[in-house]
Amino acid sequence: MIAIDIRLEQGTFVLEVHERLETRVTVLFGPSGAGKTTILDAIAGLRTPARGSIVMNGRTLFNSADRINVPPHKRHVGYVSQDIALFPHLDVRRNVTYGQRPGQKLSLEAVTAILEVGGLLDRGVAMLSGGERQRVALARALMSAPDVLLLDEPLAAVDLELRRRILPYLERVRDELAVPILYVTHDRDEARRFADRVVVLDRGSVIRAGDPGVVLQ
Amino acid sequence: MLSRLIVPLLLACLAPPQAGPAPPITVAAAVSLSEVLEAIARAYVAAGGGAVRFNLAGSNVLARQIVNGAPADVFISADEAQMDVVDKAGAVLAGSRRDLVANQLAIVATPERVDFVRREFARAPGGIWRLAIGDPAAVPAGVYARRYLEQRGLWSAYEPRIVPTTNVRAALAAVETGSVDAAIVYVTDLAAARTAVLALAVPAAEGPRIVYPGAVLASSRQQAEARKFLAFLRQSAAAAIFARHKFAPLVN
Amino acid sequence: MDTWQITRFTLMTAVAATALMIPPGLALAWLLARRRFRGRVLLETFVSLPLVMPPVATGLILLLLFSPRGPIGGVLTRMGIEVVFTWRAVVLAMTVMGLPLFVRTVRAGFEQVDRRYEAIAGTLGASPLRVFFSITLPLALPALAAGAVLGFARAIGEFGATIMIAGSIPGVTRTLPVAIYTFTEIGRDRDAAVLLAVSAGIAFIALWLSNYLTSRAGLRP
């Protein structure tokens, strides 16, 4: 469960969010510029809110009043950004295992099986297709055994055909690994299909939140 | 109307300048002569002579500059070898070369180390870690220093400890910064020292014969003035100033 | 004249100086590329000073600091370490004069590394130190190589500061440039010409290599 109560300012844009994210998959929905990615950045520790607090599973990641700001590398979040950003100088295997810690329960075999990237492990990242890059990025985020998975428009740059093929992988991750997912999209169909709960954002504020069927009319 | 102004203006610019004071002559001289030549130049002007400008450096450096065409009117070298270099290149005005003054060597050190150096010098190298001299390959002070050390049978012991410098004043500076234990300079350089003091003076009988020859340069554009200055250096007024600065008179 | 000894001595001291400038150079380049802090402009200026000041002036500063009567030299002398007029002074002069060039080149390399990679690596649990060694540095490797070659070339050609604190002691502190100068002063013109050819050859190779590496790194030379 993630409790977010933050206010973040950037120029003239102000983001103000007070939400409890508890379900398996929460979708942040809204037009571009609404602040969805900013929320992910704040949870990951890549952006610091001006005020507020972020508490994940009882652990305070950020609290402006108490001056707590846990650095990103200690937050245990798995972030797949929109630009994917696979490390160009490492092969697929080293990318995927980058965040792996010794003695963690999640194994490389398990993750690569779910995302079917086993055959790609010895390839260089420059030679991967769009869909393969997505899956590798997902595998990399998962291999760090995060407490939450933050996905920023994972299917935005992907064509319809590919989208249909990747969505089942996401569903497998949700079902087999039991990691809570925070999923950002501006696509209504994705939201409807994938979400347990939807939070609708517009211009920095939450305007609606609840059941996908209801909220997305 | 404008043209009536322009032509006279142009003519005025092109007219030869009025006869005024002659431009200063340039004297290229060994750096060990720095202070004494400034004093002599003042006396020269007071006695009615013209202005003198000095270019002071190691004599070997000056010789090369002159040979390569550097403009100068007079050259005063700290040894005959460098004057010979200039002479052989045909840069000396025939018949103008004269010996001017003599000098002697001295071993100097800082006040804290002077007693140590006095004791250790003859033990060669003893405890003397580094000895600065002008580059013995060509700087006159260095050539003299090497000759002296060879005469005393100390050269092979000191050779690996030698710090060769660009000129004799650089050797003095090396002692004063504490970078070397001692230096061999001219006894006249002590007047220019700020902290270095005399450890051992080399008596005339023991040291090499040090002579400063001077000559007018063939390329000089003011040969008359140059000859006048060179002659002044050999007169009694200049001799007195040399003596005051501890230079030795020529012995023959 | 021992051409080979002078050349070998120059190459060895230049290699040592290049190695010496890498750790502080990397740290400074990273600080200036990635961090904002008070006094940053001051640091930037300080690092660039030896590039802009006359080398002999830098040499004079080093002499004042490292001569046995100087603040640093005094301490070292008491520890039994001599700097001025030894090979250490040669390496010191080379390092000080080469460092600004190295920092500039590497800094540009770091600035070109996409910070997204560093951010993602952080979310994957890598500490800032691990991010530096596993992400930033490998991605900036061509710039690092180019900077090292440039620093090396500068070290080989170093004269002004070297002559000030190391002098021209045959077999001890005579580098190629210093030997050329000294030989010219004392009239050994042919020897000077030979050394001239050697140093021109080395400089040519080093600069060519640096330009090649810089263009591979995608940086403007």
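Trainee: In which sense do strand 1 and strand 2 of chain B pair, parallel or antiparallel?

Mentor: This is a predicted model, where local features need pLDDT of at least 70, side-chain atom pairs count only at pLDDT 80 or more, and totals for chains, interfaces and linings use all residues. Residues are numbered from 1 along each chain as its sequence is written, with chains lettered from A and ligands numbered from 1 in the order in which they are written. Strands are DSSP runs (E, at least two residues; helices are H or I, at least four), numbered from the N terminus, and two strands pair if DSSP finds at least two bridges between them. Strand 1 (residues 25–30) and strand 2 of chain B have 6 bridges, and their sense is parallel.

Trainee: Which residue is the bridge partner of B:Ala28?

Mentor: Look in strand 2 of chain B. The partner there is B:Asn55.

Trainee: Which are the edge strands of the open sheet in chain B?

Mentor: The sheet has 5 strands in the order 2-1-3-10-4, with mixed pairing. Each edge strand pairs on one side only. They are strand 2 (52–57) and strand 4 (98–103) of chain B.

Trainee: How are helix 4 and helix 5 of chain A oriented to each other?

Mentor: Axes are lines fitted to C-alpha atoms, for helices over the stretch in contact, with angles from 0 to 180 degrees between N-to-C directions. The axes of helix 4 (residues 130–143) and helix 5 (residues 160–177) of chain A come within 10 Å and cross at roughly 15 degrees. Angles under 35 degrees count as roughly parallel. Helix 4 and helix 5 of chain A are therefore roughly parallel.

Definitions and conventions. Angles under 35 degrees count as roughly parallel, over 145 as roughly antiparallel, 65 to 115 as roughly perpendicular and the rest as oblique.
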